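Some descriptions of a model rest on cut-offs. The questions below ask how such descriptions are reached.

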Amino acid sequence: MTQTPLIRLADVSKVYHLEAGDFTAMDHVSLDIMDNDFVAIMGPSGSGKSTMMNQLGILDVPTSGELLIDGRNVAKLTSLERTHMRRDTIGYIFQKFYLIPLLSAYENVEYPLILKYKKRDTSGKATALLEAVGIDREMSAHRPTQLSGGQQQRVAVARALVNDPKILLCDEPTGNLDRKTGTQIMDILCGLHNEGKTVIIVTHDPKIAEYAQRTIRLEDGRIAES
Ligand SMILES: Nc1ncnc2c1ncn2[C@@H]1O[C@H](COP(=O)(O)OP(=O)(O)OP(=O)(O)O)[C@@H](O)[C@H]1O
Ligand SMILES: [Mg+2]
């Protein structure tokens, strides 16, 4: 039986139009990612890794080619459908955490729920997720600046999980962390993969890539033969 991929990139290119001329950051990339895959994306700086993650995360639109997520052609969705797909299907984890500085750790995790349900959360979900990633109640009251990098990334992971997305897109999630803390974050991501999430992670670190089931290498916007 052939399974339908959860994500399909079919001949996707991304061209940035710059004053100096066009720059092709993704060059005819085709790639299938199956449900519950764990994929590492590696490649030199400037090879198009973040550009590819931005397409996968519907944060940007391909110049040409097709992107299908969960069987749906992203280009054919309305803007509202795209917003819902970003909110409900994809969790984002970035190198720089991007927590909201004025909110506590708890409020950062609760925030996507407020956006979705238009009210404060009473389910205890945010607290449960924070506890699951090792942030206790006391620490949950702290603002991001009062937390270490590793703690901030744990909060960002809890935030990414709060709408129970199928896909976790992680762009250098350990890039700002020391090896030990990075390993702790990877252990959390591995646990989530074991629970059924599809995990896509960009990394420069071969040790981090070893956690994945397969590695895709990008060079000059193309998938390099491996
Ligand atoms: N918004 C943009 N406008 C113009 N060019 C861009 C834009 N974003 C990225 N680029 C260019 O596209 C190429 C790929 O960038 P990208 O950020 O995808 O690389 P990367 O593989 O993630 O690199 P790094 O490992 O340094 O994060 C680079 O040459 C970059 O300058
Ligand atoms: Mg990048």
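**Helix packing, ligand and phi**

α3 and α4 are oblique to each other.

This is a predicted model, in which local features need pLDDT of at least 70, side-chain atom pairs count only at pLDDT 80 or more, and totals for chains, interfaces and linings use all residues. Residues are numbered from 1 along each chain as its sequence is written, chains are lettered from A and ligands numbered from 1 in the order in which they are written, and side-chain values use heavy atoms, with hydrogens and water left out.

Q: Why are α3 and α4 called oblique?
A: The axes of α3 and helix α4 (residues 125-132) cross at roughly 125 degrees and come within 9 Å. Angles under 35 degrees count as roughly parallel, over 145 as roughly antiparallel, 65 to 115 as roughly perpendicular and the rest as oblique. α3 and α4 are therefore oblique.

Q: Which residues make the contact between α3 and α4?
A: A105, Y106, V109, E110 and L113 of α3 meet K125, A126, T127 and L130 of α4; contact means heavy atoms within 4.5 Å.

Q: What makes α3 roughly parallel to α6?
A: Helix α3 (residues 105-117) and helix α6 (residues 149-161) pack at about 25 degrees, with axes 8 Å apart. That angle makes α3 roughly parallel to α6.

Q: Which residues form the contact of α3 with α6, and how do they divide by class?
A: A105, N108, V109 and P112 of α3 and V155, A158 and R159 of α6 make the contact. By class, this contact has 5 nonpolar, 1 polar and 1 charged residues.

Q: How many residues surround ligand 1?
A: There are 14 around ligand 1, and the closest are S45, G46, K49, S50 and T51. A residue is counted if one of its heavy atoms lies within 4 Å of the molecule.

Q: What is the phi of H28, and where is H28 placed?
A: H28 has a positive phi, near 55 degrees, and is not a glycine; H28 is in strand β2 (residues 21-33). Most residues other than glycine have a negative phi.

Q: Where is I58 found, and what is its phi?
A: I58 is in the loop between α1 (49-56) and β4 (64-69). I58 has a positive phi of about 55 degrees, although it is not a glycine.

Key
Axes fitted to C-alpha atoms, helices over the stretch in contact; angles between N-to-C directions. Helix = DSSP H or I, 4+ residues; strand = E, 2+ residues; numbered from the N terminus. Nonpolar A, V, L, I, M, F, W, Y, C, P; charged D, E, K, R; others polar.
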